[in-house]
Amino acid sequence: MYICTEFLETYIYNLQAMRINIFRTFLLGFFLLISLNGFAIIEDTKETEDKPFDAKEMIMHHVKDAHEFHIIDINNKPVSLPLPIILWTDNGLTTFMSSEFHHDDTGHTIVEKNGGKFVKLHEKIYQLNDGATAVAFDEEHHPKNAVKPLDFSITRNVFMMWVSVIVLLLIFLTAARSYKKSKDGVPTGIAGFVEPLIVFVRDDIARPMIGEKKYKRYMPYLLTIFFFIWINNIFGLIPILNGANLSGNIAFTMTLALFTFIITTLSGNKNYWKHIFWMPGVPVPMKIFLMPIEIIGIFTKPISLMIRLFANITAGHIIILALMSLIFIFKTIALAPVSVAFSLFITVIEIVVTAIQAYIFTILSALYFGMATEEEHH
Amino acid sequence: MDLVNPGFGLVFWTAITFLCLLLVLRKFAWKPILGAVSDREDSIKNALAEADKAREEMENLKSDNEKILKEARAERDAMIKEAREIKDTMISEAKEEAKAQATKLIEQAKTTIQNEKLAAITDLKNQVADLSINIAEKVMKDELASKDKQVALVEKMLGDIELN
């Protein structure tokens, strides 16, 4: 329910946000891709023909991280890009390709490497205890005789993150070079496209939130986080690459929120800490009462950032997938137009949400930096 | 639930990737782009300020010109007035002088005429005297040409003289 309300909130926010025209160009580009979205999902769900269709399992499989990059099923045989698995075990670093599991996700295929036996179960890598030859399960279907080693694998999310980094570097280094080339500083080519966005982050996020004096220090962080989140939101919506739901992964949003938290805390000035521990301008009992609330507030701010981005992006994916699942749940093609129409509608909203969520994350980060660096004014 | 349980590997890679991306973009993208944008904004601002300044200067110049023109006009008027005054005084002075000169000339002429007249009169007197003497001489010569006449005259004269 939380996700739903959060989603609705975002939708209403979309209507209010009148800066959509900036993203119009992006919208147009992705209209073509939307229609493909449904087909990609249908391809993925073919494998469940012989057993009853489990919408939850299918959706979770799409929303969560994985150790291989699944592209398509041909004749019920999955075609996927193997990714490296990197584990830190008692015997040191152990690496092998995910293809050695032969697409097995049930823990039956055992890979022996570096003196350890490894299985993959629900996209988690387990190391079998010494002497065990197969995974034994307890009543809740958890492995009894295996431990989870530290997993540094290049999962599909990490892979897509690097793809997005390459794309970002290509875009912005090209843009920066075009400025160097043109002597009068007039943006040409891709610079003409990214400059309004950069100026938007500067003039509508950093300047009003942080203030004219100090905003420059935070510009690199705000720009990087804005474009990093946005491009990964967009990549999460592209079919085929749909498997990588990076910005809908709580580990990703937690890390970014942590950066904002660290920067906020480190740049907090005397005035900021005074407002937390000894709120000026209120009676002493109120000061004591406000102190724990403000201390909790230090942590709820980044936590809300983390949950907001994760929940919005994941919710969008779940809704689209759930609508498509209706066809398979009711086992009738007659429902397909309805499903497609609704998921098309949601996808269009999701495209706006990609930008809105990147904007919200950035503007709230900027707001927190602004609060941390605000000077006393009485 | 697995969905809300952050995986350590992804946290690790996200942190490293994001930091690298931040450092690379800060140095090679944000710095040149933001620099170029703010440079351009500054140059636009300067250009506008300069245009304003130029317009102001032009206005100043215009008002200066008008002022100068006004002054010139006033000066011209003053000069004309002065010239007119000078002309008037000159004319009146000349008139006066001419009058004086004329009076003087007339005066001189009068004196000269008087002198000439006197001289003429004197000359005439002298000539009349000479003539009279000459005539008297001739008359005397004629009257005293014979001894009788001379004795008659002396007799007569002696008769005129009464011995007192």
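A:Lys331 is placed in the loop between H9 and H10 of chain A, and its phi is near 50°, a positive value in a residue other than glycine.

Helix H9 (residues 284-330) of chain A and helix H10 (residues 336-373) of chain A have axes 9 Å apart and meet at an angle of about 170°. Angles over 145 degrees count as roughly antiparallel, and H9(A) and H10(A) are therefore described as roughly antiparallel to each other. In the contact of H9(A) with H10(A), the residues divide into 17 nonpolar, six polar and three charged. Helix H10 of chain A also holds A:Ile360, which counts as partly exposed because 19 C-beta neighbours lie inside 10 Å. Between A:Ile360 and A:Arg217 there are 20 Å in space, C-alpha to C-alpha, and the two are 143 residues apart in sequence.

For chain A the pLDDT averages 82, and 85% of the residues score at least 70. Over residues 1-5 of chain A the pLDDT is below 50, and the model gives this stretch three contacts beyond near neighbours in sequence. The pLDDT also stays under 50 over residues 10-49 of chain A, although the model has 47 contacts beyond four places in sequence for these residues. Among the elements of chain A, confidence is lowest in helix H2 (residues 24-45), at a mean of 41, whereas the highest value, 95, is found in helix H7 (residues 250-267). Where pLDDT is low, the predicted coordinates should not be read in detail.

Several strands of chain A are joined through hairpins. Strand E1 (residues 68-74) of chain A runs antiparallel to strand E2 (residues 77-82) of chain A, to which it is joined by six bridges. A:Ile74 has A:Lys77 in E2(A) as its bridge partner, and the hairpin formed by E1(A) and E2(A) has two residues between the strands, with a positive phi of about 55° at A:Asn75 in the turn. Strand E5 (residues 111-113) of chain A likewise pairs with strand E6 (residues 116-121) of chain A in the antiparallel sense, here over three bridges. In this pair A:Lys113 is partnered by A:Gly116 of E6(A), and two residues again separate the strands of the hairpin, with A:Asn114 in the turn having a positive phi of about 55°.

E6(A) is in turn joined by four bridges to strand E7 (residues 124-128) of chain A, and the two run antiparallel. A:Val119 has A:Tyr126 of E7(A) as its bridge partner. E6(A) and E7(A) form a hairpin with two residues between them, and A:His122 in the turn has a positive phi of about 50°. A:His122 thus lies in the loop between E6 and E7 of chain A, and it counts as partly exposed because 15 C-beta neighbours lie inside 10 Å.

A further set of three strands in chain A forms an open sheet in the order E4-E3-E9, with antiparallel pairing. Strand E4 (92-97) and E9 of chain A stand at the edges with a single partner strand each, so one side of each is left without a neighbour in the sheet. Strand E3 (residues 84-89) of chain A pairs with E9(A) over two bridges in the antiparallel sense, and A:Leu87 stands opposite A:Asp151 in E9(A).

Conventions:
Residues are numbered from 1 along each chain as its sequence is written. Chains are lettered from A and ligands numbered from 1 in the order in which they are written. This is a predicted model: local features need pLDDT of at least 70, side-chain atom pairs count only at pLDDT 80 or more; totals for chains, interfaces and linings use all residues. pLDDT is the predictor's confidence in each residue, from 0 to 100. Two residues are in contact if their C-beta atoms, placed from the backbone, lie within 7 Å. Axes are lines fitted to C-alpha atoms, for helices over the stretch in contact, and angles run from 0 to 180 degrees between N-to-C directions. Angles under 35 degrees count as roughly parallel, over 145 as roughly antiparallel, 65 to 115 as roughly perpendicular and the rest as oblique. Ala, Val, Leu, Ile, Met, Phe, Trp, Tyr, Cys and Pro count as nonpolar, Asp, Glu, Lys and Arg as charged, and the others, Gly among them, as polar. Two strands pair if DSSP finds at least two bridges between them. A residue is buried if 20 or more other C-beta atoms lie within 10 Å of its own, exposed if 12 or fewer, and partly exposed in between; C-beta atoms are placed from the backbone.
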